[in-house]
Amino acid sequence: MLALYLLMGAAIAGGLFFLGKGISGLGGFFGSTESANASLTGGAEAKENPEALAAAAGKQGPVICLDPGHGGNDQGTSYQELLEKDINLAVAKKVEKYLENADCQVVMTRKEDIRVDKYYRAELANQAEADVFVSIHCNYLEQGEASGIEIYFDPEKTEGGILGRKIMNQMTTQTGASDRDVRTEDFVVTRETNMPSVLVELGYLSDGTERGKLMTDSYQNLLAKGIAQGILDYVNE
């Protein structure tokens, strides 16, 4: 999905622009032109979230915040009737189960098809005092060919790169997908969180073969197992 927006930015005047240190664009993960407070569920001054606070107060093991990207009227990228937001949520719920079976406490930024402000996603993780934050997305390339997994972390937070590498190693081992590297990028959700954070791109909906896999429950399970095991490798190190 990142590749799609970078290409659009070169072609559409005003379509992609910087707001402070963050990137904002035409819909999708980068949002429309909303401010931090323009959200259905909160913003930079978000109200306290009971689930997140409970996770922090009752912390007995690793607390992991999972962030299924997009939701509601923000569908992310798509291919015909296949929507990124649905794949993101399906995989995140599978990761949640793997982690809970490993005695982790899991906080989800969304559990259903609703839109959640990106600043609020980060605030939920901070309120939960999460040990790790993982945002889950799918990619799309408008022109050319690409397939494989990409993982992004904030350039000011090198620990995110360590987390990202452990997740990448497990995901590629589980799926056989191409390793398209662990990279730095300035995303709100990785910048505004207080813990090691990454944004995972599961694969390219623009690639026919990978798109077919991403649609299947079996491949989603492999992706989820890789993400979960990578997280466990990190928190148990």
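## Strand β7 and its neighbours

Strand β3 (residues 63-68) runs parallel to β7, and five bridges join the two. Strands are DSSP runs of E with at least two residues, helices are DSSP runs of H or I with at least four, and both are numbered from the N terminus. Two strands count as paired if DSSP finds at least two bridges between them. Ile-64 stands opposite Val-132 in β7. Strand β10 (residues 197-204) also pairs with β7 in the parallel sense, over six bridges. There, His-137 has Glu-201 in β10 as its bridge partner.

Why is strand β7 (residues 132-139) largely enclosed by the rest of the structure? Eight of its eight residues are buried, so the strand is covered in this way. Buried means under 20% relative accessible area, exposed means over 50%, and partly exposed lies in between (1.4 Å probe, protein chains only). One side of β7 carries Val-132, Val-134, Ile-136 and Cys-138, the other Phe-133, Ser-135, His-137 and Asn-139, and both faces are covered.

## The model as a whole

This is a predicted model, in which local features need pLDDT of at least 70 and side-chain atom pairs count only at pLDDT 80 or more, while totals for chains, interfaces and linings use all residues. Residues are numbered from 1 along each chain as its sequence is written, and side-chain values use heavy atoms, with hydrogens and water left out.

The protein has eight helices and ten strands. Of its 237 residues, 55% count as buried. Contact means heavy atoms within 4.5 Å. Among contacts between residues at least 6 apart in sequence, 78% join residues at least 24 apart.

## Helix α5

Helix α5 (residues 158-175) has 18 residues. Its expected span is 1.5 Å times one less than its number of residues. That span should be 26 Å, and the end C-alpha atoms are 26 Å apart, which agrees.

The buried residues of α5 include Gly-160, Leu-163, Ile-167 and Met-171. An α-helix has 3.6 residues a turn, so residues three or four places apart point the same way. The buried residues of α5 pack against β7, β8 (149-153), β9 (179-184), β10 and α8 (217-235). Just after α5, Gly-176 takes a positive phi of about 80°.

## Met-108

Met-108 lies in strand β6 (residues 105-108). Its relative accessibility is 5%, so Met-108 counts as buried. Leaving aside residues up to four places away in sequence, Met-108 touches Glu-51, Leu-66, Pro-68, Ala-92, Lys-93 and Glu-96. Arg-121 is 13 residues from Met-108 in sequence, and their C-alpha atoms are 9.0 Å apart in space.
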